[in-house]
Protein chains: 2
Amino acid sequence: MAAEAAAAAVREQAEVVRRLKQDEADPERIAKEVAKLLEMKAQLGGEEGKHKFVLKTPKGTRDYSPKQMAIRERVFTAIINCFKRHGAEVIDTPVFELKETLTGKYGEDSKLIYDLKDQGGELLSLRYDLTVPFARYLAMNKITNIKRYHIAKVYRRDNPAMTRGRYREFYQCDFDIAGQFDPMIPDAECLKIVHEILSDLQLGDFLIKVNDRRILDGMFAVCGVPDSKFRTICSSVDKLDKVPWEEVKNEMVGEKGLSPEAADRIGEYVQLHGGLDLIEQLLQDPKLSQNKLAKEGLGDMKLLFEYLTLFGITGKISFDLSLARGLDYYTGVIYEAVLLQQQNDHVEDPVSVGSVAGGGRYDGLVGMFDPKGRKVPCVGVSIGIERIFSILEQRVEASEEKIRTTETQVLVASAQKKLLEERLKLISELWDAGIKAEILYKKNPKLLNQLQYCEETGIPLVAIVGEQELKDGVVKLRDVATREEVNIRRENLIEEIRMRTSQL
Amino acid sequence: MAAEAAAAAVREQAEVVRRLKQDEADPERIAKEVAKLLEMKAQLGGEEGKHKFVLKTPKGTRDYSPKQMAIRERVFTAIINCFKRHGAEVIDTPVFELKETLTGKYGEDSKLIYDLKDQGGELLSLRYDLTVPFARYLAMNKITNIKRYHIAKVYRRDNPAMTRGRYREFYQCDFDIAGQFDPMIPDAECLKIVHEILSDLQLGDFLIKVNDRRILDGMFAVCGVPDSKFRTICSSVDKLDKVPWEEVKNEMVGEKGLSPEAADRIGEYVQLHGGLDLIEQLLQDPKLSQNKLAKEGLGDMKLLFEYLTLFGITGKISFDLSLARGLDYYTGVIYEAVLLQQQNDHVEDPVSVGSVAGGGRYDGLVGMFDPKGRKVPCVGVSIGIERIFSILEQRVEASEEKIRTTETQVLVASAQKKLLEERLKLISELWDAGIKAEILYKKNPKLLNQLQYCEETGIPLVAIVGEQELKDGVVKLRDVATREEVNIRRENLIEEIRMRTSQL
């Protein structure tokens with residue numbers, strides 16, 4: 001637009017100069033044309049100045065409109081209800097932490113942390129997840145026993161893929177159980193929670209993959225991976241949900257210097273997945289069963305599956321040896337929930353979504369913060385609501401479902417002019433009685449406009465004041481959907497509105 | 001602690017050296033003592049290393065414990081209910097904005113903005129309030145008409161005074177009405193909202209001071225303040241709630257170069273406060289009534305008070321010519337709510353709190369973001385919940401009120417050993433039926449410990465499984481408060497729990 005306007009101005013200017021040359025004798029005309037030019041120049045300059053200002057949110061972030069917020073609230077409500085059903089308390093922590101609090105917790109991903117500018121004082125960073133702040137909170141307050149949830153935004157300077165729900169600012173909904181307990185009981189509850197939330201949100205079919213860091217480490221050991229390469233080989237394995245085994249093997253051998261034989265041995269294991277049968281089979285595996293770590297992990301995995309059987313949820317759980325998960329701090333069981341496919345026929349372009357929840361056991365993290373290194377065993381799960389939200393938003397769009405963004409029960413309207421004072425008096429009574437009510441901010445709004453506002457925003461009732469109603473001590477109550485109107489005595493109005501809107 | 005340990009070690013070391021000298025002949029003993037010294041040194045070194053790590057939240061910030069969160073939720077619920085009662089939608093914006101979005105909006109306070117480190121890409125700052133992001137949102141989405149609330153944290157590198165509820169990270173609860181409407185109707189609603197929220201929260205007596213930027217500017221003009229000094233004299237006036245007039249006058253004359261006569265004229269006006277009477281009086285004031293801006297402002301103030309009379313809230317509203325408010329962007333009516341004093345006898349040390357809400361009209365802010373400068377008139381109010389929260393927290397502490405931090409309805413317990421599986425089966429049924437339930441994460445917890453857990457956390461019911469109950473197809477349901485126990489048939493348990501906890 002600006003470029004076009006500039007080009008047009010240049011053409012116009014050339015035309016003016018041409019005309020000026022033709023008509024040198026007329027000073028008034030020259031003055032007029034010059035004024036015109038100056039005005040044009042001012043306009044252009046003004047526009048250019050304005051256009052320098054970029055009107056946007058930062059890269060990888062977004063606003064939530066009222067409609068999006070209504071969908072977001074539904075998701076939060078389902079998740080919070082589940083966390084409360086499991087007896088969790090709630091905490092909150094600051095959006096930024098001392099930089100050193102985050103240092104050394106995220107391995108390679110540390111480069112994605114947002115730092116604050118040094119403006120004097122402490123060096124600060126935006127939180128990268130809710131787990132490290134939770135561990136810092138436990139150590140700082142010497143808490144050895146808590147079950148809490150925390151729903152808040154976290155920050156990662158990642159490459160955003162916003163259509164797929166990957167943002168630089170995004171919500172995490174975390175549930176964690178900290179404390180020294182008998183094995184796998186809290187771990188099983190975390191998986192039950194993921195199962196409840198994903199079922200409740202009706203996102204279609206899902207699968208929860210489960211593994212254990214000790215089984216992975218034991219497997220690497222018996223396959224001949226040197227200790228020093230455990231972490232890097234682990235992060236290669238982590239890619240198996242996106243790329244085929246051959247590629248992962250090439251990375252292990254070519255880039256990371258693993259022997260092809262070791263890689264092949266890993267390849268045999270990581271393609272295994274199943275349930276209790278597979279666990280039993282691996283407990284008999286001549287190599288794995290000789291490894292102390294793997295044996296511990298497999299023993300706990302068996303116990304976990306027994307508990308999950310009691311919960312009746314093993315149908316959606318898969319013990320999967322290829323599940324690795326990136327973060328450094330996991331020490332035991334790890335899990336990740338993935339949506340299998342969109343099952344909603346209304347959606348024309350199903351969004352490709354992967355992991356929607358993940359977590360695991362991290363028994364060493366709190367000890368990293370404790371001055372005496374005292375450990376507090378922890379296990380938890382994080383629900384990634386952005387992807388879930390993307391799916392639900394797209395589903396709402398496709399279904400043409402009308403989402404109300406307010407809860408207003410009644411519009412206080414007037415049938416004639418000069419009734420603003422009466423409207424204000426009535427709405428004030430309604431507000432004081434706890435009724436959700438609105439008026440149009442006009443002195444003399446047309447009745448039609450007032451009714452139209454109700455249609456647009458989904459307000460179910462209109463309380464209409466008019467000269468006659470005021471004389472009679474009544475208010476005309478109109479049902480927006482049926483257009484039925486009845487006169488209600490003013491002293492009964494609040495009760496009547498409550499009754500009519502209680503089933504909404 | 002570390003210093004004490006070091007001193008003790010030095011003393012111990014001297015003692016060892018003394019003994020070594022006495023006993024030079026015994027090499028075994030020397031070796032032992034040296035080993036002891038080395039161990040002590042290692043311990044000290046280790047502890048020193050640990051102590052370098054500071055375990056804290058950043059300056060001016062805090063965590064919220066579950067108990068604090070429970071109080072915070074009460075405050076939020078009251079505020080959100082009020083905003084919804086007035087038909088507001090809700091939006092959300094990112095925690096940071098492009099730096100340039102915030103530039104030039106806050107006058108002198110801009111130095112308090114937190115900037116993010118330049119890590120490549122856009123220059124970003126943490127939001128300083130919710131008003132500027134709201135205006136950016138309106139301009140960016142070309143919205144000319146909305147009533148919305150927004151509750152979120154904002155950031156200011158101010159001097160924290162945390163005992164008085166002043167933090168660097170704090171919540172704002174904003175309600176704003178944007179759009180071209182008839183005068184003072186939305187403005188009056190904002191004041192009604194402040195009145196409703198402060199009444200609802202039962203914080204004690206309060207007063208809402210009201211003024212208008214146009215009345216202030218008109219007053220400065222007729223008092224002989226040069227145009228160029230309006231803003232700086234305005235910020236002197238703003239201090240009148242904290243320091244006496246003489247001091248403010250000295251600042252105006254001494255520091256800001258105003259003539260003593262002009263200052264005295266201002267002094268006469270800013271000591272005035274009242275209601276409709278004062279407005280009528282000033283409308284007759286020979287000087288003010290000649291000033292176009294002041295006349296406009298006083299006319300609107302009269303209209304506002306008429307509407308507030310209809311709302312029945314003028315008793316707590318004071319037209320106060322000393323109210324100035326710092327921010328640059330206000331263009332019309334401004335207001336600020338202050339708590340007058342603590343009226344709760346339970347509180348031994350009443351916290352000194354000042355302003356708990358503030359706001360006003362800002363008709364020019366959206367236009368600063370619009371490429372074509374299109375204006376969207378706005379008026380709004382911001383509730384400062386940190387101070388409110390401080391008061392309520394202190395009140396809860398003093399009253400010894402026991403606040404539950406979970407909503408658990410029932411603990412699934414066992415009377416004998418080896419019943420973990422039965423507990424897991426039962427709790428799974430309860431969760432699936434939407435009952436809020438917990439178990440202890442122990443294989444064989446003692447019944448006493450299970451009952452004690454209920455007492456501590458306020459769980460009202462215990463569902464006890466035992467050998468006999470399993471055989472009989474019943475569950476023993478215990479009321480924690482009355483200690484009454486009855487056997488309930490398993491198939492009726494969910495209904496019974498729902499019934500018993502529905503009145504809670």
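How much accessible surface does chain A have, and what share of that surface belongs to carbon and sulfur atoms? I looked this up at the outset: the accessible surface of chain A comes to about 22,900 Å², with 50% belonging to carbon and sulfur atoms, the areas coming from the Shrake-Rupley method with a 1.4 Å probe.

I note that this is a predicted model, in which local features need pLDDT of at least 70 and side-chain atom pairs count only at pLDDT 80 or more, while totals for chains, interfaces and linings use all residues. Residues are numbered from 1 along each chain as its sequence is written, chains are lettered from A in the order in which they are written, and side-chain values use heavy atoms, with hydrogens and water left out.

**Chain A overall.** I found 18 helices and 16 strands in chain A, both taken as DSSP runs (helices H or I, at least four residues; strands E, at least two). Of the 504 residues in chain A, 52% are buried, that is, under 20% relative accessible area with a 1.4 Å probe, protein chains only.

**The two copies.** The same surface serves both, since 100% of the contact residues of chain B recur in chain A, contact meaning heavy atoms within 4.5 Å.

**The interface.** I then turned to the area that chain B and chain A bury between them, about 8,500 Å², 60% of it on carbon and sulfur atoms; this is the accessible area (1.4 Å probe) lost on putting the two together, summed over both. Leu55(B), Trp431(B) and Tyr441(B) supply 10% of the area that chain B buries against chain A, more than any other three residues. I also looked up salt bridges (a side-chain nitrogen of Lys or Arg within 4 Å of a carboxyl oxygen of Asp or Glu), and the rule finds 16 across this interface. For Lys84(B) and Glu407(A), which form a salt bridge, the closest N and O atoms are 2.9 Å apart.

**Leu130(A).** I placed Leu130(A) in the loop between strand E3 (124-126) and helix H5 (131-140) of chain A. Leu130(A) counts as buried because its relative accessibility is 0%. Beyond its neighbours within four places in sequence, Leu130(A) is in contact with residues including Arg148(A), His150(A) and Asp174(A).

Definitions and conventions:
Buried means under 20% relative accessible area, exposed over 50%, partly exposed in between (1.4 Å probe, protein chains only).
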